[in-house]
Amino acid sequence: MEIKSCIQKIGFLLLLSSFLSLMVGATNESPVMAFYYGTKMPVKVLRVSIENLSCDDHLGKGILTCYNSFAEMLKANNCTMGPGRDIRCETKSSAEAQKSSEYLPEGTLYTILWEHINYSGDNFACYFDYNDLRTVDFQDITSSVDVFAGTILWEDINYNGSSTYLFADISDLRTRGFNDITSSVERYWAGQ
Ligand SMILES: [Ca+2]
């Protein structure tokens, strides 16, 4: 009888501790959330369930909106893609500065980060600089980039470590020794 109640107690404590660690985990690191067709969802859940998840931050810095496909993301952002990956967007300042090294102000689409080479896999269209890509769940996975204006990729958060400057699309970051290491990203302009 005693042994049985002891086992029951241990079982209860094990349950309690896993419950508590879940609670602690939930308060310590709240998941990155995204708007997804009218619902707010953790990005990690979306990444698991949707192949080639496309997200952007057009609503504001760190505010993600995600779509089932890149085509839907482009459409939602008033962008079209012509031959040769000629992506054009009807957003005020980017229209004149498409695919140039011209400086684009914050709030304008300036670069699209891709999970895999050749612009494939999950992607994140950046309207803002990010000193820590963990805040949008896109750290250490970028392998190719669509570039609308000068873009700097940094190896570490807070624009630290090694960096690579991009002034044109790059289909394979391995050629720059920069595959799967980008932790912060920012717009570049000559006066910087
Ligand atoms: Ca990658």
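Buried residues make up 31% of the 192 residues in this protein. A residue is called buried if 20 or more other C-beta atoms lie within 10 Å of its own, exposed if 12 or fewer do, and partly exposed in between, with C-beta atoms placed from the backbone. The model is a predicted one: local features need pLDDT of at least 70, side-chain atom pairs count only at pLDDT 80 or more, and totals for chains, interfaces and linings use all residues. Residue numbers start from 1 along each chain as its sequence is written.

**Overall make-up**

The protein has four helices and 12 strands. Helices (H or I, at least four residues) and strands (E, at least two) are DSSP runs, numbered from the N terminus. Among contacts between residues at least 6 apart in sequence, 56% join residues at least 24 apart. Two residues are in contact if their C-beta atoms, placed from the backbone, lie within 7 Å.

**The open sheet**

Seven strands form an open sheet with mixed pairing, in the order β2-β1-β4-β3-β8-β7-β9. The edge strands, each pairing on one side only, are β2 (39-42) and β9 (144-147). On average, neighbouring strands of this sheet are turned by 25° against each other, direction ignored. For such angles, axes are lines fitted to C-alpha atoms, for helices over the stretch in contact, and the angles run from 0 to 180 degrees between N-to-C directions.

Two strands pair if DSSP finds at least two bridges between them.

| Strand pair | Sense | Bridges | Opposite residues |
|---|---|---|---|
| β1 (residues 33-36) and β2 | antiparallel | four | A34 and M41 |
| β3 (residues 54-56) and β8 | parallel | three | D56 and A125 |
| β7 and β8 | antiparallel | five | W114 and N123 |
| β10 (residues 151-156) and β11 (residues 160-166) | antiparallel | five | W154 and S163 |

Strand β8 pairs with β3 in the parallel sense and with β7 in the antiparallel sense. Is β8 enclosed or open to the outside? Five of its seven residues are buried, so β8 is largely enclosed by the rest of the structure.

**Two hairpins**

The hairpin of β7 and β8 has three residues between the strands, and N118 there takes a positive phi near 55°. Y119 is in the loop between β7 and β8. The phi of Y119 is also positive, at about 55°, although Y119 is not a glycine. Y119 is partly exposed, because 19 other C-beta atoms lie within 10 Å.

The hairpin of β10 and β11 has three residues between the strands as well, and N158 takes a positive phi near 60°. Y159 is found in the loop between β10 and β11. Phi of Y159 is near 55°, a positive value in a residue other than glycine. Y159 counts as partly exposed because it has 18 C-beta neighbours inside 10 Å.

**The nonpolar core**

A nonpolar core is a set of buried Ala, Val, Leu, Ile, Met, Phe, Trp, Tyr and Cys residues joined through C-beta atoms within 7 Å. Which members of the largest core touch the most other members? Of its 38 residues, these are A34, C66, L113, F124 and C126. At least two residues of this core come from each of β1, α2 (43-49), β4 (64-67), α3 (70-76), β7 (111-116), β8 (120-126) and β10.

Leaving aside neighbours within four places in sequence, L113 is in contact with N123, F124, C126, F138, T142, V145 and V185.

T142, one of the contacts of L113, lies in the loop between β8 and β9. Is T142 buried or exposed? T142 counts as buried because it has 28 C-beta neighbours inside 10 Å. Apart from neighbours within four places in sequence, the contacts of T142 are L113, W114, L153, L173 and T182. T142 and T182 are 40 residues apart in sequence, and their C-alpha atoms are 6.2 Å apart in space.

D86 is placed in strand β6 (residues 86-89). D86 is exposed, because 11 other C-beta atoms lie within 10 Å. The C-alpha atoms of D86 and D146 are separated by 9.7 Å, with the two residues 60 apart along the chain.
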